[in-house]
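Visitor: I would like to go through this model with you, one topic at a time. Please show it first.

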Amino acid sequence: MGLAGYQRKIARIGERLQALREHGPHLKQLYRVCLDNISPITCPIVLISQIQRSGGSLISQLFDGHPQIYCHPDELMIGHPKKYIWPKINLNNHPRDWFKILFEESVIDHFKNGYTKGHNSDKTFPFIFFPPLQKKIFLNTVNSVEPIKLRDVFDAYMTSYFGAWINYQNLYGPKKFITGFTPRLGMVEDSIDSFFEVYPDGRLISSIRDAKNWFPSAHRHPVKDGRYSDIRVALNQWVESAQAMVRNKDKYGDRVCIIRFEDLIRDTEAVMRYLAAFLDIEFDPILLTPTFNKSPIAANTSFKPEQPGIMAGTLSRYKTLTQEQIEIIDEMTKKEYQKILDIAATF
Amino acid sequence: MDFAKLYRKAVRFKDRYRAFHDERAQLENLYRVCLDHISPVTEPVALISQIQRSGGSLLSQLFDGHPQLHAHPHELKIGHPKKYLWPQIDLEQTAEHWFRLLFEESVIRLSKNGYKKEPTSDITFPFLFLPALQEKIFLKYLKSIPSIRLRDVFDAYMTSYFGAWLNNQNSTGQKKFVTAFTPRLAMSQDNMETFFKIYPDARMISIVRDPNNWYPSALRHNRKIKKDKYSDIRIALRQWQESTQSAIWNKERFGDRVCIIKFEDLVGNLSLVMHYLAEFLHIEFDPILLTPTFNKSPIRANTSFEDDEVGIVKSTLARHETLSESEIAIIVEMTKEVYYKTLKEAVVF
């Protein structure tokens with residue numbers, strides 16, 4: 001072996017030692033490769049939104065894994081100052097400030113502890129996500145656009161989110177939409193106006209759950225502020241969500257779709273075929289199984305049984321109601337519910 | 001704001017600070033997450049092997065992305081001391097020693113520069129892979145096994161390989177085989193005996209290319225490689241003969257576990273061949289089997305000629321047109337007999 005051969009061999013041994021070192025500059029290299037291979041994401045968002053406990057995260061998980069969709073895997077929390085307020089981006093500010101507003105802190109916890117569905121589940125799904133990489137991708141993407149429009153900021157955010165999610169299983173292939181679920185955002189008129197201003201090609205899907213099934217689920221749902229413990233306070237929120245659906249449908253017409261939670265559970269295939277047509281994507285059997293990053297997951301139920309897939313038991317929550325509760329629900333929601341049923345998709 | 005709330009806020013700030021500024025903590029977190037979620041890869045290997053320039057990497061890329069397969073994305077180079085020698089594992093040695101033997105150095109370059117079909121190609125596919133993580137997974141997996149058999153060492157290797165490949169687009173779902181391509185490995189009887197001893201449930205696919213098409217491709221390829229293997233037509237054809245005879249021998253020895261495919265069928269009759277191979281591996285036919293991909297992204301063919309098409313390059317069937325009369329005569333003289341024998345063993349479409 002000549003000198004050049006020895007030099008190559010020594011260089012190779014050096015590289016091998018470096019690569020196998022526990023604390024080598026592995027992340028720097030990984031970031032560089034990711035930054036050299038940014039895939040811009042410019043497709044519009046399909047926002048799934050209504051009051052909690054109405055099947056929003058289920059719809060989001062049914063979209064997960066569809067080859068024509070980037071599915072945001074958790075609640076989309078870019079809202080600011082609260083997650084259900086569409087963030088206002090001032091284009092005169094520095095891109096770092098935009099990132100600070102949009103950044104979803106939940107990724108830190110998911111990377112640390114894995115993604116868990118439901119509060120009592122011990123099954124976790126690995127979520128490999130590097131916030132510093134996301135920031136770098138965001139800034140690089142924004143800096144490559146001149147002049148910058150509001151939409152570019154959100155496109156850069158989505159590009160950075162899916163670019164920094166290292167073990168994302170559905171990166172390639174032509175996509176038509178990003179799906180994201182944010183409870184309550186659809187209830188705020190200003191937020192929806194801003195959403196459609198940024199995404200005129202966006203879509204809004206809202207799911208309405210029969211209040212008699214909804215209230216027992218909401219009541220059991222563990223929230224710190226006890227917003228559903230009083231039946232009348234809870235139902236006022238349900239009514240507010242229902243009224244917002246009517247308003248959104250009136251204002252944004254064909255870009256808005258309302259489905260019944262009960263249809264989604266009872267006839268998942270018909271509803272998902274309808275939603276595939278609504279989004280102009282191919283029907284794919286993966287639309288029938290709730291998944292996280294393409295792995296099947298258990299339902300996020302406030303009740304006990306936990307099995308992967310769709311829980312038919314969610315349709316009989318009303319059986320736990322007292323006669324008095326049924327009467328209050330009828331009194332407070334009947335009119336709004338009928339209005340919604342008139343404009344919801346039928347199956 | 002009460003104390004508990006303040007405390008939670010402080011913890012959140014600390015987490016956020018570490019997430020953005022503490023690279024070491026990020027790396028450790030990554031290791032922990034991956035080690036906590038090891039998915040054992042215990043499926044047998046479907047080995048693709050024969051002499052180079054016969055469509056091995058094409059077939060390997062056709063399997064890539066199939067939901068029931070773990071597809072090794074590059075040439076499988078666990079061979080030792082050469083890549084075409086099946087590695088001999090001494091169970092008396094340590095796990096660290098086995099890892100050193102099996103470790104594929106090519107992942108270092110791939111993870112640094114990405115995967116390119118050709119060095120001159122301007123398309124790079126990112127390959128996010130941490131060798132240090134691979135070693136940790138390998139060691140942890142083996143630690144979980146009370147009495148280690150030879151197969152466990154290879155299962156540990158495959159588990160560690162696919163576990164350390166962070167952006168693998170096909171890691172979920174029920175798998176039936178690990179597909180991998182190593183040129184020339186099938187040309188040694190010893191290799192194949194050891195391979196099937198470790199993987200009695202394995203499959204072996206060999207592709208035979210008409211020497212009239214093979215030789216021009218090998219000759220052109222010779223200019224791109226360091227070692228002169230194919231410039232002398234007789235030396236080149238002797239290697240082709242050796243590979244083809246091995247395919248026959250493997251078929252006779254291992255029967256239904258071995259399948260011989262004609263390169264010309266693969267290129268000219270892709271759908272039929274891939275339907276057949278899907279059945280051979282007991283996997284569902286999926287349209288992704290018809291497009292060569294790297295980590296589910298379509299790639300161009302690895303041709304020695306100037307074609308620049310995505311997918312299957314049909315002109316590979318007409319390489320014989322570049323041969324001279326005397327070259328054709330030598331090819332007929334040296335390969336006719338063994339080629340006919342192989343065609344009898346090969347699948348007919």
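Visitor: At which residue does α13(A) bend, and by about how many degrees?

Guide: This is a predicted model. In it, α13(A) bends at Thr333(A), by about 55 degrees.

Visitor: What should the helix span, and how far apart are its end C-alpha atoms?

Guide: Helix α13 of chain A covers residues 323-343, and at 1.5 Å a residue its 21 residues should span 30 Å. The end C-alpha atoms are 29 Å apart, which agrees.

Visitor: Which residues of α13(A) are buried?

Guide: Thr333(A) is buried, as are Ile329(A), Glu336(A) and Tyr337(A).

Visitor: Turning to chain B, why is β5 largely enclosed?

Guide: Five of the five residues of this strand, 258-262, are buried, so β5 of chain B is largely enclosed by the rest of the structure.

Visitor: Which way do they point?

Guide: Val258(B), Ile260(B) and Lys262(B) point one way from β5(B), while Cys259(B) and Ile261(B) point the other way. In a regular strand, side chains alternate between the two faces of the sheet.

Visitor: Which strand is joined to β5(B), and by how many bridges?

Guide: Strand β4 of chain B, residues 203-208, runs parallel to β5(B), and five bridges join them. Cys259(B) is the bridge partner of Ile205(B).

Visitor: Now the contact between the chains: how many residues does each give?

Guide: Chain A gives 33 residues and chain B gives 33 residues. On the side of chain A that touches chain B, α2(A) gives the most, with six residues. That side divides into 16 nonpolar, nine polar and eight charged residues.

Note on methods. Residues numbered from 1 in each chain as written. Chains lettered and ligands numbered in written order. Predicted model: local features only at pLDDT ≥ 70, side-chain atom pairs only at ≥ 80, totals over all residues. Contact = placed C-beta atoms within 7 Å. Helix = DSSP H or I, 4+ residues; strand = E, 2+ residues; numbered from the N terminus. Nonpolar A, V, L, I, M, F, W, Y, C, P; charged D, E, K, R; others polar. Buried ≥ 20, exposed ≤ 12 C-beta atoms within 10 Å, placed from the backbone. Pairing = 2+ DSSP bridges. Expected span 1.5 Å × (residues − 1). Bend = angle between axes of the 7 residues up to and from the residue.
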